[in-house]
Amino acid sequence: MSGLDGLKIIATRHDKKRLIYYPPPSDTRVQILTLLLFSLICYLRITTVLITLLTILSLFLLVISTPRLTKYVHNKWHIAFRAMANSQKPKRIILFRHGESEGNINHEVYAETPDNQVKLTLKGEQQARDAGMKLRKLIGDETVRFFVSPYERSWRTLECILETSNIPEERYTIREEPRLREQDWGNFQDPKSVGLFMKDRLKFGSFYYRLPNGESGADVYDRVTTFWSTLHREWKFENCLDNFVIVSHGITCRMFLMRYYNWTVAEYHELWNLRNCQMVVMELQKNGKFKLITPLKKTPRRLEQQ
C-alpha cells in the first residue's frame, strides 16, 4: 500500500466508492529550515546595506577631517568633471569674416543698396573658395556645424567655402543666426553723412559710439553675449559636433573674441579688423578653455576705424 499512501476510500451518498487524493502531511523540519534560510538572507541584505552606509559615512568623515585628502578628492572630482564637460564641447571654434564685398571697395554702394543685400566681388568669391580648402585641410573628415549671418555676402561666402571643402552633406549642418549680422549702420547711408559721423566715432571710441539709426559696438557685444549662451546650451543639451564654424563680419567676430577672452575695451580698440576670409581658430584645451591659435594684428592705443 506504499503507492496508495495518498489515497483514501470514501463513501458517497449512493454508497459508491471512489478514490480521492490527499497530500501527505508536511515535514515540520523542512518548514523550519526554510524559514531560517529566508531569515538569514534578509539579515545579510540588511547587514550589507548597513555596512555600506557606515563605510560611506566613515570615508566622508575622514575626508572632511583631513585637509590634504579633501583637496586630493576635490581635484580628482574636478578633473573628472572637466573631462566630462570637454567631451560635450567642440574641438574647435573657427571664425571667418566674409570675402571681399562690393561695399569694401566702394562705400557709395550703401547709399542705394541695403547693407544686408551687398554682394561679394569675384575676388571675394575666390577668397572664400581658398578658405574652404584651408578649412578641409584643418578638420579633415570631422563633423561641422555652420553658423552664418543672414547677410547676402556671408551666405555667399559659406556657399563658396562648401564648394571647395567638399564636406559630405551628412557631416555638416547649417544654421542662420541673425545675432551674427553686421553692426547696424542705419538704413541707406549717405556718403557725406558717413564721413561726418566717422570723425565723431573716432573721437568718441568705436565701442561706445552709436551710429545714427544704428548700433554701437556695445550693442553688438550684447547680442554676441546672448549668442555665446546659445552655444553653451548647444553643446550641453544637444549632440555636439566636432567643429563650430562661424561665418560673419569683422566687427562681430572681434566682439565674439572679446566676449570670450574678457578683453577690455582698450584691448578691443587695439585690435585690427580681420582680413576678408581670414580664418581664426580657437582650439579646445584640457582645462576646458578655448585657446586662440591664430595670431591677430594689434596696434597699441589704436582706435579701430572700420
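Biologist: Which residue is the bridge partner of Phe 147 in β5?

Modeller: Arg 175 is the bridge partner of Phe 147 there. This is a predicted model, where local features need pLDDT of at least 70, side-chain atom pairs count only at pLDDT 80 or more, and totals for chains, interfaces and linings use all residues. Residues are numbered from 1 along each chain as its sequence is written, and side-chain values use heavy atoms, with hydrogens and water left out.

Biologist: How many bridges join β4 to β5, and do they run parallel or antiparallel?

Modeller: Five bridges join the two strands, which run parallel. Two strands pair if DSSP finds at least two bridges between them. The strands themselves (E, at least two residues) and the helices (H or I, at least four) are DSSP runs, numbered from the N terminus.

Biologist: And what stands opposite Phe 147 in β6?

Modeller: Ile 246 does. β4 and β6 also run parallel, joined by five bridges.

Biologist: Why is β4 described as largely enclosed?

Modeller: Because five of the five residues of β4 are buried, the rest of the structure largely encloses it. Buried means under 20% relative accessible area, exposed over 50%, and partly exposed in between, with a 1.4 Å probe and protein chains only.

Biologist: Which β4 side chains point which way?

Modeller: Val 144, Phe 146 and Val 148 point one way, while Arg 145 and Phe 147 point the other way. In a regular strand, side chains alternate between the two faces of the sheet.

Biologist: What unit do β4, α5 and β5 make?

Modeller: They make a right-handed β-α-β unit. Right-handed means that, with the strands pointing away from the viewer, the path from the first strand over the helix to the second runs clockwise.

Biologist: How far does α5 reach?

Modeller: Helix α5 covers residues 152-165, 14 residues in total, and reaches 20 Å from its first C-alpha to its last. That is close to the 20 Å expected at 1.5 Å a residue, where the expected span is 1.5 Å times one less than the number of residues.

Biologist: What do the buried residues of α5 pack against?

Modeller: They pack against β3 (92-97), α4 (122-139), β4 (144-148), β5 (172-176) and β6 (243-248). The buried residues of α5 include Arg 153, Leu 158, Cys 160 and Ile 161.

Biologist: Are Asn 213 and Asn 262 buried or exposed?

Modeller: Asn 213 is exposed, with a relative accessible area of 69%. Asn 262 is exposed as well, at 57%.

Biologist: Last one: how many helices and strands are in the chain?

Modeller: The chain has nine helices and eight strands. Of its 306 residues, 38% are buried.

Definitions and conventions. Contact = heavy atoms within 4.5 Å.
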